[in-house]
Amino acid sequence: MPGYIIEGGRRLEGEVEVSGSKNASLPILAATILNEGTTKLYNVPDIRDTKITQEILKFLGCTVKKHKGKIEINSKNITKREIPESLITLCAVS
């Protein structure tokens, strides 16, 4: 079994900010349309897939606000039921 040998006699310390998981964030973002109000999400990774999903939510009629690592999605005023092919194509390319 491979292993690591750490030498040096110095204490290792520090802080690491862990990014949220794309695979957890995408279905949660999609599920916000089931809530007829505001959903607050924290630590959603700022990557292409989550940005496209937010654009889809906006197209459907959701209000999406981003502020200091928090995303607020209000799905109260969803007006559309179909996603345009242009947004679907963006998802397929990811």
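Where is T53 found?

**View 1. T53 in helix α2 of the predicted model.** T53 is found in helix α2, and like everything shown in these views it belongs to a predicted model. Its relative accessibility is 15%, and buried means under 20%, so T53 counts as buried. Setting aside neighbours within four places in sequence, you will see T53 in contact with L26 and L29. T53 is also one of the residues that line the largest pocket.

**View 2. The protein chain as a whole.** The protein chain has 3 helices and 3 strands, and along the sequence they follow the pattern α-β-α-β-β-α. The radius of gyration is 19 Å, well over the 12 Å that the globule rule gives for 94 residues, so the protein chain is more spread out than a compact globule. Its C-alpha trace spans about 60 × 30 × 20 Å along the principal axes. Of the 94 residues, 26% count as buried. If you take the contacts between residues at least 6 apart in sequence, 58% of them join residues at least 24 apart.

**View 3. The largest pocket and its lining.** This pocket holds about 160 Å³ of space. Helix α2, which covers residues 48–60, gives the most to the lining, with 4 residues. Among the residues lining the pocket are A30, I33, I56, L60, I78, K80, R81, I83 and C91. Sorted by class, the lining comes to 8 nonpolar, 1 polar and 2 charged residues.

**View 4. The largest nonpolar core and C62.** In soluble globular proteins, nonpolar side chains tend to be buried together. Here, the largest nonpolar core has 8 residues in all: L29, L41, V44, L57, C62, V64, I71 and I73. Pick out C62, and you will find that it touches I33, L57, I73, N74, S75 and I78, leaving out residues up to four places away in sequence.

**View 5. T32 in a loop.** T32 has its place in the loop between α1 (22–31) and β1 (38–42). Not counting residues up to four places away in sequence, T32 touches T39, L41, L57, I73 and S75. For a sense of scale, look at S19 too: T32 and S19 are 13 residues apart along the chain, and their C-alpha atoms are separated by 20 Å.

How values were computed
Residues are numbered from 1 along each chain as its sequence is written. This is a predicted model: local features need pLDDT of at least 70, side-chain atom pairs count only at pLDDT 80 or more; totals for chains, interfaces and linings use all residues. Side-chain values use heavy atoms; hydrogens and water are left out. On a 1 Å grid over the protein atoms alone, a cavity is a set of points where a 1.4 Å probe fits but cannot get out, and a pocket is an open set with protein on both sides within 12 Å along at least five of seven lines; lining residues have an atom within 4 Å of a point. Grid points are joined across faces, edges and corners, and a volume is the space filled by probe spheres set on the points. Helices (H or I, at least four residues) and strands (E, at least two) are DSSP runs, numbered from the N terminus. Ala, Val, Leu, Ile, Met, Phe, Trp, Tyr, Cys and Pro count as nonpolar, Asp, Glu, Lys and Arg as charged, and the others, Gly among them, as polar. A nonpolar core is a set of buried Ala, Val, Leu, Ile, Met, Phe, Trp, Tyr and Cys residues joined through side-chain atoms within 4.5 Å. Buried means under 20% relative accessible area, exposed over 50%, partly exposed in between (1.4 Å probe, protein chains only). Contact means heavy atoms within 4.5 Å. The radius of gyration is taken over C-alpha atoms; the globule rule is 2.2 Å times the number of residues to the power 0.38.
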